[in-house]
Amino acid sequence: MTPRLTRRDFIKVGAGTAVATGLGSAARKILLEPFVRPPEDVLPGQATWYASTCRQCAAGCGIIVRVINGRAKKIEGNPLHPLNRGKLCARGQAGLQVLYNPDRLRNAVRQTGGRGSRTFEPLYWDAALDLLTEKIGALSDPGRLAFLGGLMPDHLYRLASLFCDGLGAPPPVIFDLHSALEGRATADRLSKAFFGSDELPVYDLAHTEVVLSFGANFLETWMSPVAQSRNYGRLRQGPFGGRGLLVQIEPRLSATAASADEWIPVRPGTEAHVALALGRIIVEERLGHVGSHRSYAVLYQDVEVGDMAQASDVSVETLRRLARVFADADHAVAIPGGYLAGHRNGLAGMLAVQALNVLAAQVGREGGVFLSHPAPASALAQTARVDTFDRVGDLIARMRAGEVDVLMVHGANPIFELPAAAGFAEAVSHVPFVVSFNSFVDETAIQADLLLPDHSYLESWGYQVPAPGADRPVVSAQQPVVRPLYDTRATADVLLALASRLGGPAAAALPWVDEVAFLESSLGELVSSSLSAFPADTAGDFWAVWRRSGGWWSEKEIPREPEVTSVVETPLRVVEPTSEGDSGSYPFLLYPYPSVSLSDGRGANLPWLQETPDPMTTVSWGTWVELHPETARSLGVVDDDVVRVVSPFGSLEAPVVVYPGIRPDVVAIPIGQGHVDYGRFAERRGGNPLALVAPVTDPDSGAWAWAATRVRLEATGRRKALARLESLEGAGRESLR
Amino acid sequence: MRMRPTSRSDEASGTPEGSSVSLMGLFDEGTRTAEAIDALLAAGIAPEQMVVMSGVPYPEQALGRRREWLALPYIVLAGAASGFLFGLFLSVVTPHLYRLDVGGHPAVGFPPAAIIVFVFTMMATIVSTFLGVLWEMNFPRFGPAPYHKLVTDGNLALMLECSPSREGEVRQILQAHNAHHIGEPERMTL
Amino acid sequence: MKASNGRRGFALLWPGLSLVLVVLVVGAALLSRRVALAAPAQPIAFPHRLHANAGVPCLFCHPNAMRSPIAGLPSVQRCMGCHAYVERGNPEVKKIAQYWEEEKPIPWARVILEPDFVYFSHQPHLSAGLNCETCHGDVASMGTYQPVARMDMGWCLDCHLEQPQEDAARLTDCLTCHR
Amino acid sequence: MPDVKASAERTPRWAMAVDLDRCTGCQACLVACHAENNVPVAGEKLAGYGRWMHWIIIDRYWEGEFPNVRARFMPVMCQQCGEAPCEPVCPVFATYHNPEGLNAQVYNRCIGTRFCGNACPYKVRTFNWFRPEFPEPLTEQLNPDVTVRSRGIMEKCTFCLQRIRAVEMEARAAGRRPADGEIQPACVQTCPPEALVFGDLNDPESRVSQLARSHRSFRLLDELGAEPAVIYLKGGETNV
Amino acid sequence: MSETLPTAEAQYDERVLLAKRKDSEINQAVLQPMMQTGRGFWGLVAALSAIVAWGVFAWGYLIYWGIGVTGKNRPVYWTLFITTFVFWIGISHAGTMISAVLRLLKADWRRPITRGAEAMTAFALMMAGLYPLIHLGRVWKFYWMIPYPNNRFMWPNFQSPLMWDLVAISTYLIGSTLYLYLALIPDMAMARDHTDGLRYRLYRMLALGWRGTEAEWHKLHRALGIFSVAIIPIFLSVHSIVSWDFAVTVQPRWHSTIFAPYFVVGAIYSGLAALATILVIVRRGMRLQEFLRSEHFDSLGKIVMVAGMFWTYFWFAGFLVEWYGNEPVIRELIRQEVSGRLAPLFYLQMTANLVPIVLLAFRRIRTTPAALLGATLLVNVGMYTERLLIVIGSLQRNDIPFNWGTYRTTWVEVSIVAMTFAGFVLLYTLFSRVVPYVPVWEIKEGRLRYTMRRIGRLLVPTAAEIE
């Protein structure tokens with residue numbers, strides 16, 4: 001493997017076998033087994049640091065992993081990486097437990113007792129590949145093969161696409177709950193519509209003075225939390241003098257809102273109304289920079305401030321104040337967040353918010369909006385894009401219609417991540433043969449006939465073009481930091497092997513002998529790049545540098561200024577939010593949100609993350625229902641009382657957390673728990689609010705409107721004490737003084 | 001209880017082996033005993049040749065006996081002193097043997113040192129008193145010794161040594177003060 | 001009253017008890033020492049003597065001592081480096097050859113084992129100018145290694161306390177070896 | 001005999017500054033600490049009964065009523081008090097004040113009276129109620145530089161002593177003193193908004209010293225006079 | 001035991017009776033109940049032993065699994081163990097109070113009850129001494145608290161109140177045991193002279209060859225004199241030190257200067273009450289009516305009452321200042337006690353501690369065993385509750401509300417606490433069958449110094465002041 005990244009000496013006692021296992025073990029007889037052939041770069045007892053890329057979420061932060069005696073010991077942020085500059089979030093830190101998880105699938109297995117039987121029979125990889133080859137070869141029509149991907153590394157996505165292409169199968173469908181909650185699909189559309197670009201916008205928090213965040217919990221799980229948190233730090237106490245102002249506009253006080261200077265509890269789904277009202281006020285009152293707005297007056301011709309205030313439950317005074325603050329600032333930015341995309345007026349709403357940046361002339365301006373860089377090489381351009389809920393719906397429909405004979409699932413867990421009402425589970429039963437590449441036996445893998453576990457991300461190769469990107473072009477490198485622990489196999493290699501076995505067009509489309517060869521060819525263009533921060537002359541040098549520094553990126557900052565399209569010449573629409581379930585029998589709106597530690601639930605099998613308290617409620621290891629004190633009182637429940645939350649689509653029971661920071665007409669439940677299969681730490685714990693959510697979409701974008709379901713509450717009279725960090729008697733007081 | 005007749009006396013007052021007889025008489029109560037003792041003294045029996053055993057503590061004066069000097073107080077003082085020193089060693093010296101700072105306190109603080117020294121002094125006092133008194137009483141001693149079980153039933157036993165020649169005279173004195181069980185003291189293992 | 005048998009009873013009791021106590025303590029001490037200095041059986045009767053006399057320096061086979069916490073043991077490759085040619089007939093060497101052919105590591109038994117809560121590194125000690133013999137004894141005269149000192153805290157401190165004042169303060173801090 | 005006072009001016013006084021204006025309560029520090037220091041996971045039942053083992057926690061405080069409600073975060077770890085109430089009460093010197101001003105906890109000396117836990121006004125000391133559990137192969141993640149604590153002993157934040165020692169050793173080998181910011185405990189290293197700053201209070205130029213002089217700086221329960229080495233910086237104001 | 005004690009005249013008769021008794025008769029009266037161990041006795045012993053055995057198992061369980069099997073948590077690091085520890089230390093204070101103080105004061109009514117009191121002290125201390133071990137997280141390392149030269153160059157930290165505890169309690173235990181034994185020697189000799197077989201051999205060993213020569217009596221008296229002087233400062237220091245375990249921390253409510261005297265007074269209160277309880281029971285169980293007479297219960301009851309008043313005074317002095325200072329956390333704690341989750345305990349403590357004071361003001365109650373039993377039992381319920389409030393109640397609150405906690409006990413804790421209670425009774429029961437419960441020689445000595453003098457138509461005992 002590669003030379004060390006940072007030259008530090010590390011101290012350690014005892015050889016590999018003598019890893020500390022408790023005090024007073026001096027009595028144990030211990031064997032010391034030296035290498036038969038010593039590897040060059042391993043010094044027993046010395047730490048070696050390997051650079052790679054975090055795969056715990058889509059952001060693609062750079063990491064370095066501390067390895068001692070061939071075992072990964074600690075993950076830290078890659079200090080050189082332009083995106084996160086050495087910083088890392090809780091989920092990134094917990095990556096080790098993906099690698100060392102006791103419930104990992106350790107070799108290829110076949111589910112013999114039928115789906116869901118959980119009786120697995122180990123398989124040699126050759127046998128497994130033969131089986132799969134035969135199944136695919138036997139397809140009457142390649143169109144009957146479907147590939148469902150989740151959070152895929154870009155290189156694997158490219159490979160999978162090529163594979164499907166070569167076979168003549170439809171391109172992979174990518175669905176990932178975390179991305180859905182971020183509103184990525186809608187954000188893509190927004191970029192397209194607004195800047196005519198495929199890349200996501202980057203909001204320059206570090207250099208701005210005023211941030212209006214419309215339902216963007218950018219300090220927790222939204223887009224690229226680590227990079228955004230770093231910039232938030234600068235916004236607050238940066239080297240740039242003044243302290244930036246952050247206003248959070250959303251119905252529930254998220255951790256981001258808690259860090260904000262002002263929280264505006266807007267009526268759910270009407271965040272955009274606030275944005276529209278602000279715009280209207282700015283153009284009306286000619287606030288801010290002289291002459292910058294007359295041209296935009298057209299945008300707001302349909303907007304009436306009074307109505308907006310009425311609809312959004314935000315007083316006109318507040319709106320005026322905000323408008324003034326926003327317009328008067330030299331640098332100000334409005335962020336259209338993921339929560340907006342969760343409503344059926346998602347795209348319209350996000351347009352309205354983005355329009356504010358145009359209005360205040362903050363596009364392409366320091367402290368305003370920039371665009372992510374596209375992949376710096378054509379071969380890398382094909383990056384994983386999450387598909388809209390509609391396309392997933394199509395796949396489900398095809399499956400149900402029996403038009404799919406072989407389903408390949410990688411990294412996705414639709415049975416857990418899709419609303420139960422979407423009926424994926426039922427649709428799968430119509431698919432004769434299902435292959436799962438997940439390294440854990442999750443709810444979807446349990447429905448597979450063949451399980452071909454991929455390596456954990458610390459054992460595998462790859463590259464990632466971060467989206468949203470950093471302040472410069474970046475391709476992040478992923479490399480094995482330890483030898484694979486088990487008899488797992490990189491899915492890339494599996495696909496390559498399949499292709500060569502299938503022969504024909506597939507083999508032609510995938511000519512590479514193995515994953516590394518594929519990577520080298522994909523990265524070829526970068527070798528000669530003049531931008532590179534780490535110049536390399538030969539492919540060999542490049543490869544070494546690429547692995548040592550954890551990727552390729554440009555030496556200096558290159559902000560990418562977007563071009564605003566003609567969208568700003570057509571009036572913005574005012575779309576009232578609609579929700580499933582009539583407000584009579586379902587008085588509350590359900591607010592599902594990704595858990596800061598478990599994100600969309602993929603972290604639920606990591607004990608560290610389970611033990612990590614939720615920042616706002618300080619609850620760990622469970623699911624809870626957040627109620628406004630009034631709501632709780634009227635329902636006659638207190639903390640830890642179990643309530644039943646019922647929607648037209650299902651119901652869920654969980655203990656109450658009386659939460660001062662939520663609108664009385666909203667009920668919030670964190671997503672992440674409620675796994676049926678996913679290892680000992682996740683199973684039979686809490687509940688999955690997606691069981692309640694309606695499978696409806698935003699007609700404009702086709703994205704899943706996951707925040708548009710109404711529910712009602714029923715007290716059960718039972719109690720279940722949640723594992724809280726804080727003392728309830730303490731009542732959240734800092735001191736008694 | 002077993003008797004073991006033996007001629008050796010451990011109450012010996014220096015009179016050579018065989019040249020003296022020891023007599024014991026039991027009295028019902030103190031006054032008669034005191035009178036008997038006076039009579040014997042008058043008859044020229046040396047005080048240290050007489051021993052009185054009782055089941056109840058009679059003040060010496062009650063029987064007209066002299067109080068004897070005790071080393072006990074000095075043993076106790078010595079004990080206390082050594083305890084004091086040991087306490088000092090622990091609380092003042094040991095903290096310097098391996099210096100570790102705690103809570104910004106000095107290595108040796110007065111209050112803790114005072115407590116430790118005090119307690120160890122008291123401990124040594126107590127222990128030395130106990131050992132001291134055992135030592136004074138030659139305890140434990142389980143050998144055969146002249147004794148009579150009636151002592152713990154409220155009788156006073158007067159035991160004395162005299163030359164064989166005077167035995168009769170002494171017996172008379174004892175009887176005169178209606179002592180009973182007069183005779184060679186039983187030597188019983190205690 | 002100076003009755004002799006009384007004294008005897010008194011004289012025998014306490015000294016008797018204290019004697020028993022002393023015997024116990026000393027016995028325990030000796031036993032623990034023997035346990036601490038016992039050397040386990042090794043898979044190969046490796047004669048340090050011969051190698052040292054042949055002029056092989058310690059660091060040739062234990063090369064990491066200068067740069068790493070643990071001195072390290074020679075890889076089988078390192079052994080075969082010489083024994084592919086030297087002493088091939090020797091039965092013990094044959095064992096090595098066998099491990100080499102089977103690509104198996106040699107299961108040496110650990111002789112010196114510090115408990116897990118003690119953090120020791122060879123590197124600073126060597127760079128402080130100590131040589132191997134200071135702690136490991138005259139290995140050059142041994143067959144398989146026999147420990148010469150029970151490496152307990154007192155043994156470490158004996159040396160650390162002798163350092164110059166400013167270092168001693170650092171070196172006798174508990175956190176130097178305990179984390 | 002180690003004399004602490006003698007080399008006082010040469011030895012550092014490790015301290016940490018916590019900028020409450022930057023902290024977002026993201027819990028990265030907490031997980032980083034678990035990973036770096038082999039802090040065991042208690043599980044739901046124990047965690048719910050106040051037996052979690054975190055060395056650093058983020059207190060969350062509510063202010064005001066809806067709709068003007070606010071919440072603030074405050075990371076609390078061992079304050080490494082200069083005059084620690086927990087130290088003198090330990091009967092066996094398992095916890096004491098080390099020359100660098102660290103509040104040392106020597107696990108292998110601890111006998112588990114839990115007196116220090118009662119004496120600590122910040123309640124940042126955690127106790128090993130049971131044997132720590134690391135189901136195979138999670139044992140592989142254990143940091144070999146840090147003792148895995150057995151049942152029945154106290155543990156707490158050490159300012160990542162092993163990381164301090166590592167840098168010191170390297171520096172000493174190179175014949176220099178550790179540079180400011182070169183030593184980073186796991187929490188400081190990972191903190192995304194850079195709310196945590198670690199350094200030497202005895203060096204007036206170090207960042208932490210500068211922050212300590214800020215008008216925003218305060219210490220937790222300062223009135224107790226325990227001289228904490230953790231300096232908090234008030235939120236809601238600018239430095240300049 | 002609902003019988004009331006005889007009327008005044010009858011009591012005089014009793015006393016006369018005792019005065020008229022021959023020594024041999026007294027011996028028999030005392031030895032007789034020791035000799036007969038009926039089915040009931042063995043049944044009791046069996047039951048107690050069973051409880052103890054169960055407790056020992058619980059302790060083993062605790063050691064094997066770790067302190068987690070108790071109800072402790074953060075921040076409630078000390079719970080029932082320390083509470084009961086303080087309780088037993090408190091109980092242990094009566095013995096010295098009675099025998100040492102009253103011996104010095106030449107209070108003659110002490111004579112028949114001294115031994116019972118001293119035994120109580122010794123056994124209570126033995127029980128208390130277990131807890132510092134039981135509550136250790138790593139009990140197998142307890143010897144690190146013992147100062148002995150070692151290769152680590154390490155000595156215990158004598159600034160720690162736990163070290164003070166260790167030495168003070170062992171001192172007190174040694175002291176009270178030796179004290180008990182020293183005063184026992186003559187009676188051992190007496191027992192030796194009236195028994196044979198196994199008991200004879202035992203008593204012979206314990207009597208150390210006592211014959212009752214003047215010299216022996218003289219030395220014994222001197223030794224006892226020194227003891228009773230020396231042991232009083234010890235018994236004062238012990239409970240003060242126990243109180244400092246709490247007072248030296250900055251824990252709200254614990255950090256108080258009045259704790260030492262407050263604890264000492266509380267200890268005397270509970271100790272004397274416990275003594276009265278035990279005396280009533282033993283008197284009945286061993287038919288010692290002749291020796292433990294109404295005069296004793298009367299005087300004992302009075303002291304308990306006075307101690308109770310002192311306790312009230314100290315409690316109020318502390319409470320007043322806490323209430324007046326109005327420190328936030330303390331305010332919270334007081335709120336918890338007066339109207340919060342601690343209220344039941346608090347009111348139990350107050351009633352159980354104050355009511356007996358009133359009751360004991362009545363001679364009728366003091367001299368009616370059943371009533372006395374009830375009152376004194378109540379006192380100890382109250383005092384135990386007080387310790388619960390001080391140890392567990394206070395720990396649930398601290399300066400940072402985020403860190404407040406609660407506490408639920410477990411079977412392990414309860415079993416171990418039960419073990420010490422059963423163990424105490426067991427030891428005491430066996431003791432009463434092996435050793436003359438009333439100090440025969442002291443009674444005889446008392447008798448010796450008394451004469452019955454007739455004044456008018458009353459027989460009045462008059463004591464002779466001789467030394």
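Which residues is A:Thr623 in contact with, leaving aside its neighbours within four places in sequence? That was my way into this predicted model, and I kept notes as I went.

**Entry 1: A:Thr623**

I found A:Thr623 in chain A, in the loop between strand 22 (619-620) and strand 23 (625-627). Setting aside neighbours within four places in sequence, I listed its contacts as A:Ala654, A:Pro655, A:Ile669, A:Pro670, A:Gln673, A:Gly686, A:Gly687 and A:Leu722. One of these, A:Gly687, also has its backbone nitrogen 2.9 Å from a polar atom of the A:Thr623 side chain. Is A:Thr623 buried or exposed? I noted it as buried, because its relative accessible area is 3% and the cut-off for buried is under 20%.

**Entry 2: A:Ser312**

Next I turned to A:Ser312, which sits in helix 10 (residues 305-312) of chain A. Its relative accessibility is 0%, so I wrote it down as buried. Not counting residues up to four places away in sequence, I saw that A:Ser312 touches A:Val266, A:Arg267, A:Thr270, A:His273 and A:Val274.

**Entry 3: which chains meet**

Then I stepped back to the chains.

**Entry 4: chain D against chain A**

Chain D brings 74 residues to the contact and chain A brings 86 residues. Together they bury about 6,400 Å², with 58% of that area from carbon and sulfur atoms. Which three residues supply more than any other three of the area that chain D buries against chain A? I have D:Glu44, D:Trp62 and D:Phe66, which supply 11% of it.

For charges, I counted nine salt bridges across the interface of chain D and chain A. I looked up A:Arg243 and D:Asp21, whose side chains meet in a salt bridge at 2.6 Å, N to O. My tally of residue pairs in polar contact between chain D and chain A is 26, with both residues at pLDDT 80 or more.

I then asked what chain D uses to touch chain A. The elements of chain D that give two or more residues to this side are helix 1 (28-37), helix 2 (44-48), strand 2 (56-63), strand 3 (70-77), helix 4 (161-173) and helix 5 (186-190). Helix 1 of chain D gives the largest share, seven residues. Sorted by class, this side of chain D holds 40 nonpolar, 17 polar and 17 charged residues.

**Entry 5: chain C against chain E**

Here six residues of chain C are in contact with four residues of chain E. The two chains bury about 460 Å² between them, and 72% of it is on carbon and sulfur atoms. How many salt bridges are there between chain C and chain E? I counted zero, though there are two residue pairs in polar contact, both at pLDDT 80 or more. The chain C side that touches chain E is made up of three nonpolar, one polar and two charged residues.

**Entry 6: the cores**

Last, I looked inside. The largest nonpolar core has 366 residues, and A:Leu407, E:Phe246 and E:Ile416 have the most contacts inside it. A second, separate core has 69 residues, among them A:Leu278, A:Val283, A:Val333 and A:Leu347.

Note on methods:
Residues numbered from 1 in each chain as written. Chains lettered and ligands numbered in written order. Predicted model: local features only at pLDDT ≥ 70, side-chain atom pairs only at ≥ 80, totals over all residues. Heavy atoms only, no water. Contact = heavy atoms within 4.5 Å. Buried area = accessible area lost by both parts, 1.4 Å probe. Salt bridge = Lys/Arg side-chain N within 4 Å of Asp/Glu carboxyl O. Polar contact = N/O pair within 3.5 Å; in protein donor to acceptor, adjacent residues only side chain to side chain. Helix = DSSP H or I, 4+ residues; strand = E, 2+ residues; numbered from the N terminus. Nonpolar A, V, L, I, M, F, W, Y, C, P; charged D, E, K, R; others polar. Core = buried A, V, L, I, M, F, W, Y, C linked by side-chain atoms within 4.5 Å. Buried < 20%, exposed > 50% of the residue type's maximum accessible area, 1.4 Å probe, protein only.
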